[in-house]
Amino acid sequence: MIEFQAVVEAYHSTPFPQWSVADRPSDDLIVLTGGLTEPEVGKAMAVIADYNQREPGSPDALRLLRDLSAAERVVAPGGLRVRDTTTGVTIEPGCCCGVEDWRDWFYLVRGAEPWLGHDPEPELDFVPGIARLWPENGRENGTPPVEIRLADLPAHLAVIQRELLDFLDLVRKWAEPYGPALAADLVAALDDHFHISEPFD
């Protein structure tokens, strides 16, 4: 079975000075779903806030979240992880890929390549009705490809959209102690910058 997950790269160490966060995950990736604990939401938000921080130093939590809510552009290191649960082959988002790029996977339907990052840089080719992805150097090493049926891709991405919307609901609850208005602004900003709730074309 093919499984898609939206992930953010938890690149910085615990603790985070502005608020409580979960420990750094063993694979350095946080899956963005509605099933996260409050410390895991804090960890994901720490990554996003820290990655987009425009001023040197560590402002207090309230200012950091206000700045994030008002930013002209918000990005998050990570993207989509794709896994074949039968073979165990996984395609991780590469360097310079972001959660904000998740809709680019629709390019596969048109026979084009989405931005998948580099280092590691997966390999892609097409056969009729299927996109085949190998981890970096996987084809040379005899690793089987992850085969994505193009007809199934919209359903996979619809699942990602629902999970990201569930994550936004958690962010709203997590941020409410800083003020309901700020929580609403923060969720609206993440929704806009990560292109979550807008309809699919």
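Three strands form an open sheet in the order β5-β6-β7, with antiparallel pairing (strands are DSSP E runs of at least two residues, helices H or I runs of at least four, both numbered from the N terminus; two strands pair if DSSP finds at least two bridges between them). At the edges lie β5 (123-127) and β7 (146-149), each pairing on one side only. From one strand to the next, the twist averages 25°. Four bridges join β6 (residues 130-134) to β7 in the antiparallel sense, and alanine 131 has isoleucine 148 of β7 as its bridge partner.

The model is predicted, with local features requiring pLDDT of at least 70 and side-chain atom pairs pLDDT 80 or more, while totals for chains, interfaces and linings use all residues. Residues are numbered from 1 along each chain as its sequence is written, and side-chain values use heavy atoms, without hydrogens and water.

Turning to the helices, α1 (residues 38-51) packs against α3 (residues 153-175) at an angle of about 95°, the axes being 10 Å apart (axes are lines fitted to C-alpha atoms, for helices over the stretch in contact, and angles run from 0 to 180 degrees between N-to-C directions). Helix α1 is therefore roughly perpendicular to α3 (the class for 65 to 115 degrees). Glu38, Val41, Gly42, Ala44 and Met45 of α1 meet Phe167, Leu170, Val171 and Trp174 of α3 (contact means heavy atoms within 4.5 Å). This contact of α1 with α3 comprises seven nonpolar, one polar and one charged residues (Ala, Val, Leu, Ile, Met, Phe, Trp, Tyr, Cys and Pro count as nonpolar, Asp, Glu, Lys and Arg as charged, and the others, Gly among them, as polar).

Note on methods. Parallel < 35°, antiparallel > 145°, perpendicular 65-115°, else oblique.
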